[in-house]
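Subject: Structure for your review

Dear colleague,

Please find the structure below, together with its sequence. My findings follow it.

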Amino acid sequence: MIKKTALQTQPASYFSDVEKCVDAILAKVGRRIVFGMPLGLGKPNHLANALYKRAKNDPSISLRIMTALSLAVPKGASDLERRFLEPFAQRVWGNYPALDYLEDLSNNNLPPNVEVSEFFMKAGVFLDNLMEQQNYISSNYTHIARDMLANGVNVLSQLVAKKVIDGQTYLSLSCNPDVSPSIVPMLREMEAKQGYRVSIIAEVNNNLPFMYHDAMVPDSTFDMVVDNPEYDYTLFSTPNMTVEMADYMIGMGVSTLIKDGGTLQIGIGSLGDAIAYAIILRDQQNDRYKSVVADLELIGKSGELVDQIGGTDPLEQGLYGSSEMFVNGFLELYKAGILRRKVYDDVTIQRLLNDGEITEQVTPAMLETLVVHEAVGTQLGKKDVAYLQKFGVLRHDLRLVDHTLHTADGLQIEANLANDVALRQINEHCLGSALKGGILMHGGFFLGPMSFYNFLNSMSEEDNKQFGMTTVDNVNHLYGNQELKALQRKDGRFINTCLMVTLSGGIVSDGLEDARVVSGVGGQYNFVSMAHALQDGRLVMMLRSYRMKDGEAASNIVWNYGHITIPRILRDIVVTEYGIANLRSKSDKEVMAALLNVADSRFQAELLARAKEAGKMPADYQIPAQYRNNLPEVLDAKFKSFQVDGLFPPFPFGNDFTDEELILGRALKGLKAKMGNMVGTMAGGIFNVIKGGEVPEKALPYLQRMQLERPLTFKDKVVQSLLVTELIAAGHA
């Protein structure tokens with residue numbers, strides 16, 4: 001939680017007008033502003049736009065915006081895409097205010113007195129944007145606070161939720177307590193000791209879920225609070241997208257590496273959803289799960305590793321989540337009752353739980369065990385009673401007065417556990433029923449579909465408090481209370497995504513060899529390091545085995561590459577749709593053999609030849625026969641049989657699309673591939689429509705949705721014909 005400093009004696013100033021807040025910022029810090037905002041959802045869009053507009057109109061203001069993952073509502077690259085997206089965007093993103101600086105940045109149109117530096121970019125969006133590429137700052141997530149200070153940040157702001165509790169106004173950092181609780185005390189100290197002029201501002205949005213623990217702060221934390229219900233806007237959401245075959249197959253492989261009673265870290269997107277789905281399948285439909293595992297030969301090829309670090313049986317103990325990003329997959333695991341292993345903010349209790357000496361059920365034996373392990377003394381003092389009440393071992397309504405416990409129903413019991421009579425009375429009248437304060441999930445920030453936010457908003461306070469939003473300093477590494485963190489994160493599985501893997505085990509995740517940044521490092525290195533630091537931790541890198549490049553398949557397992565995110569010395573486990581490669585502690589030839597086994601077979605021979613040419617593989621080495629059939633069509637045949645059996649739906653956790661939009665989406669995908677080819681078999685259909693051929697009645701709702709029911713231009717007539725052809729082929733017209 002953010003702590004108050006000597007200069008924080010004044011209550012926050014409240015503003016109902018964002019322009020007046022900008023006036024106050026300029027009056028306090030001056031006209032040179034380095035403006036820090038959280039990544040993703042937590043940006044105060046109204047304040048950011050007002051500040052940017054002021055600088056855009058006043059060249060005497062120097063504005064540098066420092067943030068990460070600036071989000072924009074998709075608009076579509078073509079007229080057809082815009083027709084599809086606009087009604088969807090209005091329904092999903094509502095009155096979400098676009099970030100004006102992002103629009104100008106995307107068009108290379110920032111004014112000369114404004115600069116934007118991001119630590120993490122939306123993947124692939126800014127590859128050809130010179131300003132974004134040049135001003136990008138490469139930094140580990142846990143170093144963001146340090147790097148923002150080094151760059152002179154003097155204005156800090158974020159979106160918050162608000163609640164009045166016991167007559168006091170509290171604000172919740174909600175989706176982004178990731179950095180602010182670390183950087184604010186440093187800024188306050190600079191303000192107190194160096195006269196550094198600082199403004200820390202909150203913008204209230206009543207749609208934002210109110211989260212507790214480290215996310216909950218008094219409003220006096222901030223210098224200024226922008227609070228006007230008219231500024232509430234639809235939260236930016238990330239609709240669930242289709243989970244493809246490769247994602248599901250990777251998810252199945254990863255799910256076998258998860259230890260019952262262990263710790264899970266996953267990310268956003270279709271791969272995260274695939275992992276969550278596979279874990280739920282493992283737990284709730286275990287026979288079907290094991291049948292798929294057998295068909296994919298996961299045990300036959302990697303059974304020793306699965307037995308050692310994972311499993312395929314139902315998850316009786318459940319899992320605990322510890323991830324920089326609290327994603328929808330974790331919420332689905334919670335709904336399924338799998339995210340249920342709680343951790344506690346106490347070394348003794350956590351160790352005893354891990355060792356099975358106690359359970360969450362409070363018993364006389366638990367009290368005795370805590371005494372034996374010196375968590376409390378036999379003569380209970382105020383600290384002992386407070387400790388036992390905090391964790392629910394003693395009832396909350398007990399009072400300690402002069403070495404005597406007073407119960408709510410009037411009993412007075414000597415607070416001496418060495419006294420057999422007193423101990424018996426304490427066991428009978430003073431014990432709680434179950435441990436309190438357990439956390440199911442620690443996260444640094446969240447972002448997800450609208451259903452994710454709605455679920456958090458609908459939670460009871462008791463259930464909500466099982467999700468501990470905190471700083472990345474707490475989540476992403478072990479420094480600071482390392483003993484407790486290591487105990488909580490037992491059997492940690494830190495699961496990340498990469499773009500490419502070199503045959504020697506180097507990981508490419510954030511950029512290209514021409515130095516262009518695809519996204520950013522974020523917290524990946526933090527989790528890689530932690531996986532190796534924890535005795536029972538493992539790193540799992542997920543990789544789609546190939547990509548399409550200029551219309552042709554290209555391997556994502558490569559001989560070498562001119563940019564590396566994670567060096568090969570930190571290699572561990574790589575999972576592709578074709579299986580699991582265990583690289584930890586292996587020799588170079590063993591690493592290469594393992595990666596060849598999970599590569600697409602279209603590229604295996606060339607990769608092996610390169611390795612032999614370099615002298616890194618024995619000249620007579622051959623890839624085992626069981627791994628030489630790693631082909632998309634082979635895997636696709638298996639996948640379709642699984643789908644016929646009711647498994648692996650396109651949207652495992654729902655979606656924001658209407659049935660009509662789902663059908664249109666598939667048709668438009670096929671249409672996009674054919675738009676450049678107006679000859680051959682398509683010509684007849686085009687001719688018929690142009691000459692007044694009848695449009696099938698079943699196609700009319702789809703054409704109306706795309707504003708193509710009465711095409712006037714030649715282009716629209718052609719597009720209508722192509723779309724109808726796709727709908728007919730799919731059986732929808």
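Which residue in β20 does Phe494 stand opposite? The residue facing Phe494 is Leu539. Please note that the model is a predicted one.

The two strands concerned are β17, residues 492-497, and β20, residues 538-542, which pair in the parallel sense over five bridges. Both belong to an open sheet of eight strands, with the order β16-β15-β11-β10-β17-β20-β24-β25 and mixed pairing. Strands β16 (467-469) and β25 (579-582) stand at the edges; each has a single partner strand, so one side of each is left without a neighbour in the sheet. From one strand to the next, the twist averages 20°.

Two helices lie across parts of this sheet. Helix α8, formed by residues 245-255, lies across β17, β20, β24 (573-576) and β25, and α8 runs at about 145° to β24. Helix α21, formed by residues 524-533, lies across β10 (263-265), β11 (320-326), β17 and β20; its direction is at about 145° to β17.

Gly646 and Glu606 are separated by 40 residues in sequence, and their C-alpha atoms are 38 Å apart in space.

Yours sincerely

Note on methods: Residues are numbered from 1 along each chain as its sequence is written. This is a predicted model: local features need pLDDT of at least 70, side-chain atom pairs count only at pLDDT 80 or more; totals for chains, interfaces and linings use all residues. Side-chain values use heavy atoms; hydrogens and water are left out. Two strands pair if DSSP finds at least two bridges between them. Helices (H or I, at least four residues) and strands (E, at least two) are DSSP runs, numbered from the N terminus. Axes are lines fitted to C-alpha atoms, for helices over the stretch in contact, and angles run from 0 to 180 degrees between N-to-C directions. Contact means heavy atoms within 4.5 Å.
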